[in-house]
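Student: I have a new structure on my screen and would like to learn how to read it. Could you guide me?

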Amino acid sequence: MAEETFVLEFPSSYKWLNMIDLMCTEITAGMDFGRNALNEISISVIEACTNALEHGNKCCPDRSVMVVFRRLEDRIVIEVTDCGEGFDFADYLQHIPDPSDIHKKRGRGIFIMKAMMDTLKYEKVEKGGMKVILKKMTDRGGEEGDE
Amino acid sequence: MKYKVREDGNVTIIDLSGKLMGGYDADVFRDLVHELIEKGRKKIVVNLAGIKWINSTGVGILITGYTTLRKNKGDLKLLNVSKKIESILYVTKLNLIFECFDDEHEATGSYTRG
């Protein structure tokens, strides 16, 4: 299968997240993922978009979130880019909060994506903003850890 | 997010539907929980059968409800947790916090047994 790319840009509003989920479902349909893996991809994409619009774009409707799905033979790669100031991901990983702490209202998104995807990377975008890259190998794609 | 409130004896069942993803939903659910506590309705079952989409912010909304009720000597239990929600709870170990049920009678009955 040649690589197929799908791009979507949406304003920072929760109302578009279901559309992203539907798009994700359509794109991953027919790939060699089991039901659990498909759920994990869907959950992770929603988390990435939620973080982008909440923390990156501060829910400002003038700022958009760009989502790129790259469907390959053995993997799905999803890039979510916001227009925010960005943050130090390596530093965050050193102080990642306990997701089971019931006194914390937030801060579980990155933990969830890290647990559910094979690769989770953050990159600062030159023109401003932060890009999260999620990758999951298909059942035929073999193992691949965090990069 | 939409909701309906029902009563079964001294247990209150909140039927949630739609998306549970943060923003305005957090205020609505917080106000509802406070309203129920003021009425003395502190034994809550949240029915998630109608929830189509949820994220970690949505789970945070449920946790806030849970901690508010626990501080007021109440409790919040979950009913009809989908596979997706179950995965989020499992990964974050919040499955150890929330009591989850597939059957409404078992959920409401757990309060009398407890």
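This is a predicted model: local features need pLDDT of at least 70, side-chain atom pairs count only at pLDDT 80 or more; totals for chains, interfaces and linings use all residues.

Student: What does the radius of gyration tell me about chain B?

Tutor: You compare it with the value for a compact globule. For 114 residues that value would be near 13 Å, and chain B has 13 Å, so the two agree.

Student: Now the salt bridges. What is the idea behind them?

Tutor: Side chains of opposite charge can pair when their charged atoms come close. A search over all chains finds 16 salt bridges here. In one of them, K136(A) pairs with E40(A), with the closest N and O atoms 2.9 Å apart.

Student: Which parts of chain A does the pair of K136(A) and E40(A) tie together?

Tutor: K136(A) sits in strand β5 and E40(A) in helix α2, so the pair joins parts that are 96 residues apart in sequence.

Student: Is K136(A) buried or exposed?

Tutor: K136(A) is buried, at 8% relative accessible area, while E40(A) is partly exposed, at 23%.

Student: Where do D27(B) and R30(B) lie?

Tutor: Both are in helix α1 of chain B, 3 residues apart, or about one turn of the helix.

Definitions and conventions. Residues are numbered from 1 along each chain as its sequence is written. Chains are lettered from A and ligands numbered from 1 in the order in which they are written. Side-chain values use heavy atoms; hydrogens and water are left out. The radius of gyration is taken over C-alpha atoms; the globule rule is 2.2 Å times the number of residues to the power 0.38. A salt bridge is a side-chain nitrogen of Lys or Arg within 4 Å of a carboxyl oxygen of Asp or Glu. Helices (H or I, at least four residues) and strands (E, at least two) are DSSP runs, numbered from the N terminus. Buried means under 20% relative accessible area, exposed over 50%, partly exposed in between (1.4 Å probe, protein chains only).
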